[in-house]
Amino acid sequence: MKNLILNFSKFILALMGLSLVACRVEYGSPHAEFRAMGVVTDEEGQPINGIRVVMSAEDPNNNIKGPSDTLWTGAYGTYDYEPDYYSMREYAYFESVKFQFTDVDGPANGGEFAQVEIEVPVFQVEPGDGNWYRGSFQSGVDVTMFKKQ
């Protein structure tokens, strides 16, 4: 009887092992690439250096507040955001990104400019692989800032 139970146990364990081998298991977590970029110019088309660009995202339908990041325009008025870490790519999971452009240096860099706020959609520019990788997403806007009156 003892041999029968032992053999039956081996048989059940072998079946369980075969069933586990037949299962497809994926390790990892869902992720996506994200990039935001644009150019900030004055009303004459000249690039503005030193403009603070605050990006944020939220989903008011589901009461979810997303990430918020601060960028600065460079010498050519450009800003470019392409995070290296998965956790910083959350913007790809939102429908739109809010951008706030603020002149924080006063009259330097061409004058004092009025703040600009705009919400821009997030576009998928590369499809995912159907598994964990959702694809590549992009947002951003070129902005013209006007001098304060």
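Reader: Which residue stands opposite Asp-80 in β4?
Author: Met-37 stands opposite Asp-80. Keep in mind that this is a predicted model.

Reader: Thanks. Which way do β1 and β4 run, and how many bridges join them?
Author: Strand β1, residues 31–42, and β4 run antiparallel, with 4 bridges joining them.

Reader: Which residues of β4 are on the covered face, and which on the uncovered one?
Author: Tyr-79 and Tyr-81 make up the covered face, while Thr-78 and Asp-80 are on the uncovered one. In a regular strand, side chains alternate between the two faces of the sheet.

Reader: Moving on a bit, where is Glu-82?
Author: Glu-82 is in the loop between β4 (78–81) and β5 (96–103).

Reader: Nice. Now, Gln-138: which strand is it in?
Author: Gln-138 lies in β8, residues 133–139. Gln-138 is partly exposed, with a relative accessible area of 28%.

Reader: How many residues apart in sequence are Gln-138 and Arg-35?
Author: They are 103 residues apart in sequence, yet 4.8 Å apart in space, C-alpha to C-alpha. Arg-35 is also one of the contacts of Gln-138 once neighbours within four places in sequence are left aside; the others are Phe-34, Met-37, Pro-121, Val-122, Phe-123 and Val-125.

Reader: What about contacts across the whole protein, how many join residues at least 24 apart?
Author: Among contacts between residues at least 6 apart in sequence, 63% do.

Reader: Let's switch to pockets. How much space lies in the largest pocket?
Author: About 190 Å³. Its lining divides into 3 nonpolar, 3 polar and 5 charged residues.

Reader: Which strands each supply at least two residues of that lining?
Author: β2 (51–59) and β5 do. The lining residues include Glu-58, Asp-59, Ser-96, Lys-98 and Glu-119.

Reader: What joins the side chains of Ser-96 and Glu-119?
Author: A polar contact of 2.4 Å. Leaving aside neighbours within four places in sequence, Ser-96 is in contact with Ala-57, Val-120, Pro-121 and Val-122 as well as Glu-119.

Reader: Where is Asn-109 found?
Author: In the loop between β5 and β6 (116–121). Asn-109 is partly exposed, with a relative accessible area of 39%.

Reader: And to finish, how many helices and strands does the protein have?
Author: The protein has 1 helix and 9 strands, and from the N terminus on, its elements run α-β-β-β-β-β-β-β-β-β. Of its 149 residues, 32% count as buried.

Conventions:
Residues numbered from 1 in each chain as written. Predicted model: local features only at pLDDT ≥ 70, side-chain atom pairs only at ≥ 80, totals over all residues. Heavy atoms only, no water. Buried < 20%, exposed > 50% of the residue type's maximum accessible area, 1.4 Å probe, protein only. Pairing = 2+ DSSP bridges. 1 Å grid on protein atoms, 1.4 Å probe; cavity = no way out; pocket = protein on both sides within 12 Å on 5 of 7 lines; lining within 4 Å. Points joined across faces, edges and corners; volume = space filled by probe spheres on them. Nonpolar A, V, L, I, M, F, W, Y, C, P; charged D, E, K, R; others polar. Polar contact = N/O pair within 3.5 Å; in protein donor to acceptor, adjacent residues only side chain to side chain. Contact = heavy atoms within 4.5 Å.
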